[in-house]
Every structure is written in structure tokens, then in C-alpha cells.
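Biologist: Could you walk me through this model? I'd like to start with the strands and then get to the chain contacts.

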Amino acid sequence: MHASTRRTYLSGLILAAALLVVGFLLPAWLLFTVTKAIGYGLVALGIITLMRGGLVSFGQGLVYCIGAYAAGLLATRIGVTEAPLLLLVGMVASGLVGLLVGPLIARYRGIFFAMLTVALSMVLYGILVKMNAIGGSDGFTLPEPTFFGWQPDVGTSDLALYVTAVIVACAAATACRLYYDSMAGMMALAVRENELRVEYLGSSVFNVTVRNFAIAAALGGLGGSLNAMALGHIDPLFSFWTTSGEFVFISVLAGHLSVGAVFVSALILELVRSFSNRYFPETWQMIIGIFLIATIIFLPGGVGSLFQRVLKRGPAAGRGESAENEGRAAP
Amino acid sequence: MTSDTVILEARDLQKRFGAVVAAQDINVKVASGEKLSLIGANGAGKTTFMNMVTGYLKPDSGAILLEGGDVTKLNPRQITQRGVCRSFQIPQLYEPMTALENVMVAIGASGRRFSFFQPADLNETVEQARAMLKRFALDPYAHRPVSELPGGVRKLLDIAMALVRNPKILLLDEPTSGVSVDEKFPLMETVMEALAAEAVTVIFVEHDMDIVTRYSDRVLAFYQGQVIADDDPSEVLSDPAVQKYVTGTAGPATAPAGAEKEAEA
Amino acid sequence: MYDVLTILVDGVVYASWLFIVALGLTLIFGVLRILNIAHGSMYAIGAYAAVTLAPLAPALGLPPVFSLLAMLIAALAVAIVLAPLMERGLLRLFYGRDEVLILLITYAVFLILEDVSKLIWGVNPYYLFEPRNLFGTVEIGDLFYVGYDLMLIALAAVCGLAVWLGLNKTKVGKIVLAVIHNPDVSACMGVNIARIYLLAFFVGVFLAALAGAFTAPLISVQPGISVSVIILSFAVVIIGGLGSIPGAAIGAVVVGIVRAAAVYELPEAEIFIVYLVMAIVLVFRPEGLFQRTQARKI
């Protein structure tokens, strides 16, 4: 096995182990917040994947919502409460939607791509609001999840879900890191820099874009089904464009250099949300807005670029040399 | 013609941009292994011809045959996959990446299968990329971001990337433009040396008649979208029409509007 | 089955104010290449300013027509305060950067303005009834329509015409067109690009605020109106073609009528039909109905 591959696997494992241990020390409210942040982080990881190929989706609420509803409907209508199964179904459902929608929108770039994804997510929102059979605008509540047949009591269910979330997040982050470092991941960067040359070298920009969109969709579905279980309730707002806006916020805050940074950024968002809900309930959006502008001005490479400064050749920073170059290119 | 095997054939190519005739009645047969240069003033139709052959532009009528098969309707990617590769007047590089990484992308695009779970910088890939850089004497620049590299080096890298696929036909669009006069010959020398081992057919656009004479077996002279002369260099350059319309029109080698747009795209 | 006429009139009234918003959005995009998500906030703040200022007219003992003037002043005030603040104070810093990055900045401004308007005007709805009675009612077919609503159609026509004439028949307009065509060359020719950008942004914000001020009598002014307006006006400009004035007009009419038809015939589809139309248009004509490929035109 290549040294960097081994390092990626190893850091994924170490991170997962560390987070699992930490989980037993955290207070319940923070446990819930971290779980929710991981759900958001997974969706944002999808956006990062798209960003590496030069695209930003302002409509990831679409796949987040589909993942959540797929898991929710399976749980309430068919009575499947197995958390791993619900996650899988959420991921597959959204991934399939990504594979279907991807080819339709893969020709678009920049704001057209962004707006088209918004439009699609809002179509879903509009449909769900009117579908009274599945709760309309109120949505519906999910039963408590089970874990391989085990039904945790109220005190431990948050911990059980946290453990699941950590495992899923570390697996997803490791897989994404491997993909970014692979030849296919390098081709995505090439697509972002110069599409014409990619075609003239004989590779398909369309394929790269559809692949990234499908991966982003699957990650979005995973995040959606996870948060459906964490929140215990889903509604059409999962697909509303302001929800998608938060995912974009997390991605920009994280930057596309590090896969770990998205989860840190998501946690920052959640903590800011909790604190401002408590102390400045009227100005939560304003704080986020100011935060976003400040990030773009003062930290253009995102939280990931901070990681890199700290750990020069650390696991999260990826391959030092090329990652540094990316840093220079990062918008 | 130096060989009887026709590798590329253009039949009755026509192309207009509004009122401008960019190609008219173009009939060309290119033999395998030939070194063919295209000359003509700016706007004479050289780049249009090259863009049609590589699928960037579709001719209004006529056909392009590659080894006897019709490739007129194929897009640049499909044409590239059939072994027709090109370089660009303004080098099309991945600016933030290093020279080595640029060639690695070319290797990645060349059709070999790569695992999603293996890093791009596997030894084998890196070695192949280094070897290609070495052929063009670019090894000192391997780890420099290409945006920092001088013009001549960028030109060579652009050509090196086109060569990764071992093309049957290599099209070079003004390989020596944007390079200082002293550098033109060394650059062309490097390119031709790098190509010496290949049985590749080369078609290149060139404004410098000394380079045309020295490095091509055959010359096509373009004027107002038409081929006005097609023969070996000495014949073409002594043709009165060519002297009047092509070599007489001395001027700086500036890019036609279409080429600039293409570069920005 | 509702009367086709009913749907048409309703749709065109809806289209008229939407056109004014979209006109501002498309103007800003055409000149500055910015898709301004905060445009809906300008509409909302225009509406809030109107419900604050318009009641002053009767309170001061002025005839009711003066409340229309107050609404106009409200829109102007919003543009005078917010346009320079946003364009000079913030957007200027990001010129030449990625379009999507600037889209994010305007999204941040939208978030900030949402809360600023909540801090100023609170979360309870405001109503402004009086101006709507100014023009009486008009009978079309066998139905009565509020004269004020029909006046909005005239207002939209005036706005569209004014912007078109301003661009094509005045010296400043010609300069703006030159900047749209090629900002760099224009700058070399001595055009003060910064001033043209500010002017275009100012007019764009004013149009949004104007639409907000004049629709205030039709709606309950409350948090959330900015969101629905921005999404709708995005749909309009995407359908019509970004940067095109006739496109904005056609887009607005399409959205207005499609929505009106949905309200009467298929109420379930009201919320998403507009986006569906937008998605369909984008799939088949990515540049919008009225935009030529690549050519930047307004």
C-alpha cells in the first residue's frame, strides 16, 4: 500500500477512535449538537467535492431532504428502525437522484448551475408542502432508531447515534480524502482549472461532473438520514433554499483543502447557532452573514488552510506539495 | 508525399463565420509520418482548419477522414481518443499545478484505468511524467507551478502534454509564437528531437519561414480560406502568389480573434 | 374552470410588480455581473419603508394622493442609503473574483438585512390599505378589479420604458452600454467605471424598493417576503435571460400567468410550478428565452 494511502486510513481510524472516546465524556446537549453537526458536515463534504470540480450547488437541500424523507418513510411506513439501514437507504436514494439529475445539469456552470440546483430543491419543497399524505408542511416524526436490534433507552440513544455518526463521518471523510488524492480526484481539479484542455487530453468533463454530483448527492442523503434520526422530526424545510445556504456556508468556512475541516466548520455553525439562539435570538442570521463575509475576506482558504499551517504534512492536509499549490489557487 | 498511406484527408471543407469565409474548398491529403506546415496571414484559415480537424469547429459542409473513417462529427475528446492530439497557440495548462502534475493529468486522461483508492502520484505515473518532461528538457521545472514559468517553457509543456497519448497525428498551433527570436530555433529543435523517436505525423502552423523550410516536408499556404499552394517548402516559397499574399505580408504574429476567445474559454 | 380573462388580468398584475423587481436584478447583473441575492431584501425594506412613511401623509393632513408620493420617497430613501453602502462598502472589494463568490457575499448581505429589518420593524405584519382605494375599481368583463392594481401595470411599463430609454437614448446610458460591453476598454477610454457601477446598482436597488413600496398595499408586510420575492425574480430573469430587459418582461409575464393559472386551476402546484417552468427553460435554453449565447446584451 502506498504510504499516503496508509496514512489516510490510519488517520481516519485514529480520529474515529479519539472521537468515540470523547463521546463518553461529552454532556448530552453537546453530544446532540455534534451529531447534528456531523449530519450537516456530510452534506457540506458533498459540496466540497463539487467545488473541487469547479461547481457550487446552492440546492443541496434537495438531496439532504430526499435522504431524510427516504429514511423517514421507511421508518414510519414500513417500520424499519435499524439506524445503519436507514442511513444506507438515505444515501442510496439520494445517490440515485444525483445520478438521474446529474446528467441534466452537468452542462451548466457558475451561477446557472447554482440557480438550477436551487430551483430543483424548491420544486421538491413545493411538492412536499402540498403532500398532506406525508405530513405536508408540518412533516412527521420518526420513531426512535434501533442499532442491530438493540433499542437504547432515552439516556443512551443520543450516545448511540453519536457513535454511529462518528463512524459514518470518519468513513466518508477517509473515502473522500482517498478520492481527492486519486487520479480521478486530480482530474476534477483539472476540470476546474481548464475544461477545454481536459477534453483535448481525451477525458470527459461531463463524466467528472456527473460523478462528483452523484457523490455529493449520496453524501447529502447520508447527512439527511442521519439528521432525520438525530432531530427525530423532518419537514419540507429540509429542502428550503436557506437550508442549502447553510451548507454552502459550512463549505466556504471549511475550504476545500481538508476533509476534516467541514465537520469543524459545521460544529462552529451549530455552536454559534446555539449561543445566538440563547443570547441573541433575533440576530442569528445577521451573525452568520457577518461570519461568512469575514471568512471570505480574512480566511479565503477556509478552516482547512489553518489546519495546513499547523500540520505541514499532517493527514488532514493531504499531500503537502500539491495541496499548497491548491491553497494558492483557492478562491 | 513521402509515403502512400494517407492518414488524414479533408474533403471539400467549407466554413463561414457570417460574411467571413474561413475555409473554402479545402482538399488536403496528409500522408503518415509527414511533417506538414501551414502558412498564411492571420485570418487566412490555418487555425480554422486545425480547429475543424480537432473537432472544435464543425465545417458547414465537407468531410474529414481519419485513416479512411469519417470523423467530421466527432467532438474534440473523441478525436483525441482516436489519436489526434494538439497543442495551443496560447498554452492551455492547469495554472496552479506544477509542471509534473500537469503531465500527470495528461497521463490520467490518456485512457488508462486508475483506482479511486490509489493516490495519483503512484511511482509508475510519476516516472512516466518525469520521463516526458525530460524528453522536452523540462525536468528542472518539474516542481514549479506552471503559472510562474517563462513563455517558451509553457509552450514546450503544452506540447509535451499533447504527446502523452502517443498520438498518430500531432497538431501544433504556432509552437514558436510568443517566444523570443533567439529561442525559436532551440525550441523547435527540442520539439523535433522529442518527436524523433515517434512515427507521428506533425501538422504545425508557423509564421517563421526559416522554421518552415527547415522543419517541414511539405507546406500548405492559406489565403482567404483557400489553399493557394501545396508542395514542398522551396516550391511553395518561390510561388509568386504565395510571395504576394503570404510571405510578402510581413507582420507581427498576433492571435486571430477566434484563438483568443478559445484560450479564455 | 375560471375565466381565461381572470387568470390573464391577475397574472399580468402579478407580473407587473415582479417585472419591476426583476428589471433591477437584471440591470445589476448586466452591468456588474452580480446576481444579487439581497435584491429581495431591498424589495422588503422598500415595503417596510412605505408602510412607515405612507401613513404620514394623512397624519399631516395632506390629501391621500400624497401617500403615493411618500411611497416613492420611501423607495428613493432605501436606495440612497443601501445602494452606496452595499456597492461601495462591500461588493467593490470582490470585483474580478469568481461570480459564485460574489453570489455568496450577496447571500451574506441578505442574511444580515433580514435581521436588520426585524430589529427595526419587528416580526409583526404591517398593513397599508389606504393607497389601494385611491383609484377606485374598474370593470373588466363581468368582474371588478381594484384600480390600484391596474395602475401597477402602468407603473411597470413606465419603469421598463424609462430604463430602456435611459440606456439607449441618453449619453450616460450609452456609456453604461459601453461598460457592459467591455469594462476594461471603457476604463481606458476614460470612463469612470466606479461611478457607472454605483449608478447601475443604485437604479437596481431603487427599482426593487419601488416595487416593494408599491406592492405594500397589496400584501401584509412581514418577515419572509424577501425570500419569496428573490426566488421569484430569479426565476423571472433566468427564464427571460440574465441581463435582458425584454427577457425580464416576458419572464415576468410567464411567471405571473403561470402562477395565476396554478392558483385557480391547480392550487397544489402554486409553490413549485414557477421553479418547474424555470428548470424546464434552463434545460432547453440555458441562456434563457431572450438571451443570445455569449453575447452580453441588455
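**Strands and interfaces**

Modeller: Strand E1 (residues 6–17) and strand E4 (residues 61–66) of chain B pair in the antiparallel sense, over five bridges. Strands are DSSP runs of E of at least two residues, helices are runs of H or I of at least four, and both are numbered from the N terminus. Two strands pair if DSSP finds at least two bridges between them. This is a predicted model, where local features need pLDDT of at least 70 and side-chain atom pairs count only at pLDDT 80 or more, while totals for chains, interfaces and linings use all residues. Residues are numbered from 1 along each chain as its sequence is written, chains are lettered from A and ligands numbered from 1 in the order in which they are written, and side-chain values use heavy atoms, with hydrogens and water left out.

Biologist: OK. What stands opposite Ala10(B) in E4(B)?

Modeller: Ile64(B) does.

Biologist: And what is the strand order in the open sheet of chain B?

Modeller: The order is E2-E1-E4-E5, four strands with antiparallel pairing. Strand E2 (20–31) and E5 of chain B are at the edges with a single partner strand each, so one side of each has no neighbour in the sheet.

Biologist: How many bridges join E1(B) to E2(B)?

Modeller: Eight, and the two strands run antiparallel. Within that pairing, Lys15(B) is opposite Ala23(B) of E2(B).

Biologist: What about the other end, E4(B) with E5(B)?

Modeller: E4(B) pairs with strand E5 (residues 69–70) of chain B over two bridges, again in the antiparallel sense. Leu66(B) is opposite Gly69(B) there. The hairpin of E4(B) and E5(B) has two residues between the strands, and Glu67(B) takes a positive phi near 50 degrees.

Biologist: Switching to E3(B). How many of its residues are buried?

Modeller: Six of the six residues of strand E3 (residues 35–40) of chain B are buried, buried being under 20% relative accessible area, exposed over 50% and partly exposed in between, with a 1.4 Å probe and protein chains only. Lys35(B), Ser37(B) and Ile39(B) point one way from E3(B), whereas Leu36(B), Leu38(B) and Gly40(B) point the other way.

Biologist: Which strands does E3(B) pair with?

Modeller: One is strand E8 (residues 201–205) of chain B, parallel over four bridges, with Val205(B) as the bridge partner of Leu38(B). Another is strand E9 (residues 218–223) of chain B, parallel over five bridges, where Gly40(B) has Phe222(B) as its bridge partner.

Biologist: Now the chains. Which pair shares the most contacts?

Modeller: Chains A and C, of the two pairs of chains in contact, contact meaning heavy atoms within 4.5 Å. It takes 42 residues from chain C and 40 residues from chain A. Those two chains bury about 3700 Å² between them, 83% of it on carbon and sulfur atoms. Buried area is the accessible area (1.4 Å probe) that two parts lose on being put together, summed over both.

Biologist: How many salt bridges are there across that interface?

Modeller: Zero between chain C and chain A, a salt bridge being a side-chain nitrogen of Lys or Arg within 4 Å of a carboxyl oxygen of Asp or Glu. The count of residue pairs in polar contact is three, both residues at pLDDT 80 or more. A polar contact is a pair of N or O atoms within 3.5 Å; within protein, one must be able to donate a hydrogen and the other to accept it, and residues adjacent in sequence count only if both atoms are side-chain atoms.

Biologist: Which element of chain C gives the most to that side?

Modeller: H5(C), with 17 residues.

Biologist: And chain B against chain A, how many residues are in contact?

Modeller: 38 residues of chain B and 31 residues of chain A. They bury about 3200 Å² between them, 64% of it on carbon and sulfur atoms. The count of salt bridges is two. In one of these, Asp158(B) pairs with Arg197(A), their closest N and O atoms being 2.3 Å apart. There are also 10 residue pairs in polar contact across the interface of chain B and chain A, both residues at pLDDT 80 or more.

Biologist: Do B and C matter to each other, or what separates them?

Modeller: No contact joins chain B and chain C, and their closest C-alpha atoms lie 11 Å apart.
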